[in-house]
Amino acid sequence: MAQSKSHMLPMIAISKELEKLNHSITFAVASRMNTDLINDGFNISTIIAKSLDKFYFEDIIREMVETMMSGAKITALTEWLKGTNALCHGYLNDTAHVHELAAHQFDYAIVDYAPTLCYSVMAYKLNLPFISLGAFIDPSVNRVPFNPSFMPTLFSSFTDKMTFRERIINTVRYVLLLLRPSVPSFETLSERYVPEKQRVSNEKIKQMSLMYIADNDMLLEFPHPVPSNVVMCGGLAAAPAIKLPDKLNDFVENSSDGIVVVSYGSIIKTLPSETLSKMIEAFNMVTNLNFVVATGKEVMNVKNVLMLPWIPQNDVLGHSKTKLFITHGGKSSVFEALHHGIPMIVFPIGVDQPANAAVITAKHYGITMDFYHFTIQDLVKISEILPSMTNLNRT
């Protein structure tokens, strides 16, 4: 149960391993997600939940990020909460889907730990023991020691070497996390959607998870305790690179000093026009490098810049000519870069991206730049920055 491409890919990687052990895997997805996966060449068994099309999570998260890119972060968060609230209640009210899931008599469920609690509640309703998969683990749920003096709270963008002021802010953030309601609402979801069973708090349902598979690694974390039922296996979606499509491969091979990959993940289809214009102008001035940019709906080639609606990101990052990755700092994208030993320039927008950028900078995997206020000259300096950036060993 997962509803965004970046969350689905780690689940698909896990399903392939389970199939090797003779397990049968079925995904509960929106029909739009199912179509996207088929178009991407994935052959998986699915059950379609029509309710997930009505409140499609990728639309919700895309709208949030696009609003954040305009600078309205509070509005973006408010709209995200409204959207996930509608998604969760719509999914749990989908009685036809509940009956179809029950009819399959599954043995276990693997549920998306984020963005909502509804998948865990569905597993509870179906009497399914479940495993949670997510990019982060909440210490307040897992009951592990947490020291706010050197352990940054979720999405805080602090490091393990905080100033006194940052420690105070970090402590306040942690207290607020303890008091927060479970997304999507304050109400006890089991009382409303599982009336036939004992009332269980939202936090207790989270704690029912038999195991937490964390698509994370200490490469992208600061020191912290990990519970015995947490398995850290970051980079589930990363893989050895395969040959690029011919036209893209020709462009990459024809670069003199290498290429720079620019991608903002599967959610952001088109970069804002002002941002893209500044990038292209800067890239055209760095004549010794070629730039592959994932943006827009059409293929465009402007001097040494190739813009494509979609790129095989993992495979481009794994190409021997790739020298640098300009990214928003999403967890899957970052792990692909680390897997292939590519340094990064991170332009974080929101959610976990600022926190990932803080780790990348602190551990010298790359540098962080301001998405909202960078200049053309900042990007022109790429050719000067490259030799001084940490030389990550390719794997």
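This is a predicted model: local features need pLDDT of at least 70, side-chain atom pairs count only at pLDDT 80 or more; totals for chains, interfaces and linings use all residues.
Val-231 lies in strand E6 (residues 230-232) and is partly exposed, with a relative accessible area of 37%, where buried means under 20%, exposed over 50% and partly exposed in between.

Helix H12 (residues 246-253) holds the buried residues Leu-248, Asn-249, Phe-251 and Val-252. These four cover an arc of only 160° around the axis, which puts them on the same side of H12, the arc being that of the directions from the helix axis to the C-beta atoms. An α-helix has 3.6 residues a turn, so residues three or four places apart point the same way. The face of H12 turned away from its buried side carries the exposed residues Asp-246 and Lys-247. Among the elements against which the buried residues of H12 pack (heavy atoms within 4.5 Å) are strand E7 (259-263) and helix H14 (313-317); helices (H or I, at least four residues) and strands (E, at least two) are DSSP runs, numbered from the N terminus.

Residues are numbered from 1 along each chain as its sequence is written. Local features need pLDDT of at least 70, side-chain atom pairs count only at pLDDT 80 or more, and totals for chains, interfaces and linings use all residues, while side-chain values use heavy atoms, with hydrogens and water left out.

Definitions and conventions: Buried means under 20% relative accessible area, exposed over 50%, partly exposed in between (1.4 Å probe, protein chains only).
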